[in-house]
Amino acid sequence: MPPTESRAMPATNLTHRPCVRTPLGLLRALMMAGAASMAGCAQASPAPAPTSLLQNGGFEQAATHHPTLPAWWKEDATSVSYRLDNSVAHGGRRSLRIEFAEEATKSGYSGVIASIDVSAFRGKRLVFEGFLKRSSDASKVGLWLKLAGEQGLYLNTYETQPLLKKGWARHVLTVEIPADATTLKLGAAIHEAPGVMWVDDLSFTVSEQPR
């Protein structure tokens with residue numbers, strides 16, 4: 001293929017426009033304002049909430065076999081009343097209502113329980129928290145957790161007196177998962193004196209706080 005012939009371009013009537021230069025101080029100010037605006041947007045974005053290892057911690061889902069019982073969770077000991085309550089809630093639409101009567105159970109307590117595989121979280125710190133409400137101050141209510149293994153670690157919040165907000169008390173337990181841990185059981189229970197306990201907004205998450 002022969003080379004392309006080069007031809008001179010005809011002159012055109014172009015209007016020359018001088019380049020407008022932005023003062024250096026103004027340019028820097030604009031750049032700093034833009035950076036500050038972007039930083040403000042970044043700060044305004046909320047951090048994602050830690051993912052809970054529990055299912056149905058807010059008790060919003062009912063069991064497929066029974067519409068008044070919670071999905072995933074199991075009853076711990078025999079309760080006079082163990083059901084979802086649409087009239088009382090800390091968050092969402094409902095809570096779990098558990099009634100304890102000494103004559104109705106031989107275990108001395110009533111509650112809810114779940115079992116979790118924690119082998120993938122060995123060496124990490126986990127936080128179990130939730131909100132409890134009780135009908136009588138004579139009843140002891142609280143969260144508890146127990147690790148299977150040689151240590152047999154057992155923790156609970158029965159003796160604590162968390163701050164109340166409209167009758168709801170926030171209970172918190174923190175546990176470091178040992179190297180031999182495989183299964184952890186946790187739940188909430190009422191005992192000591194007859195009464196009713198409501199449980200809501202339970203979560204079990206990996207702690208972001210340094211050990």
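Strand E8 (residues 140–147) is mostly covered, six of its eight residues being buried, where buried denotes a relative accessible area under 20%, exposed one over 50%, and partly exposed a value in between (1.4 Å probe, protein chains only). Helices (H or I, at least four residues) and strands (E, at least two) are taken here as DSSP runs, numbered from the N terminus. The model is a predicted one, in which local features need pLDDT of at least 70 and side-chain atom pairs count only at pLDDT 80 or more, whereas totals for chains, interfaces and linings use all residues. Residues are numbered from 1 along each chain as its sequence is written, and side-chain values use heavy atoms, with hydrogens and water left out.

Strand E8 pairs with strand E12 (residues 183–191) through eight bridges, and the two run antiparallel; strands are said to pair if DSSP finds at least two bridges between them. Within this pairing, Trp144 has Gly187 of E12 as its bridge partner. Strand E8 also pairs with strand E9 (residues 154–156), again in the antiparallel sense, over three bridges, and here Leu145 stands opposite Leu155 of E9.

Thr183 is located in strand E12 and, at 28% relative accessibility, counts as partly exposed. Although Thr183 and Ala148 are 35 residues apart in sequence, their C-alpha atoms are 5.8 Å apart in space. When neighbours within four places in sequence are left aside, Thr183 is in contact with Ser115, Ile116, Val118, Lys146, Leu147 and Ala148, contact being defined as heavy atoms within 4.5 Å.

The structure holds six salt bridges, a salt bridge being a side-chain nitrogen of Lys or Arg within 4 Å of a carboxyl oxygen of Asp or Glu. One of them is formed by the side chains of Arg125 and Glu176, with an N to O distance of 3.0 Å. Because Arg125 lies in strand E7 (residues 125–134) and Glu176 in strand E11 (residues 168–176), this pair ties together parts that are 51 residues apart in sequence. Arg125 is partly exposed, with a relative accessible area of 21%, and Glu176 likewise counts as partly exposed, at 40%.

A salt bridge also joins the side chains of Arg170 and Glu129, at 2.7 Å from N to O. This pair links distant parts of the chain, Arg170 being in strand E11 and Glu129 in strand E7, 41 residues apart; Arg170 is partly exposed, with a relative accessible area of 44%. In a further salt bridge, between Asp137 and Arg134, the closest N and O atoms are 3.8 Å apart. Asp137 counts as exposed, at 69% relative accessibility, whereas Arg134, at 29%, counts as partly exposed.

Backbone geometry was examined as well. Most residues other than glycine have a negative phi. Asn56, however, has a positive phi, near 55°, and is placed in the loop between helix H1 (24–44) and strand E1 (62–63). Lys166, which is not a glycine, also has a positive phi, of about 55°, and is placed in the loop between strand E10 (164–165) and strand E11.
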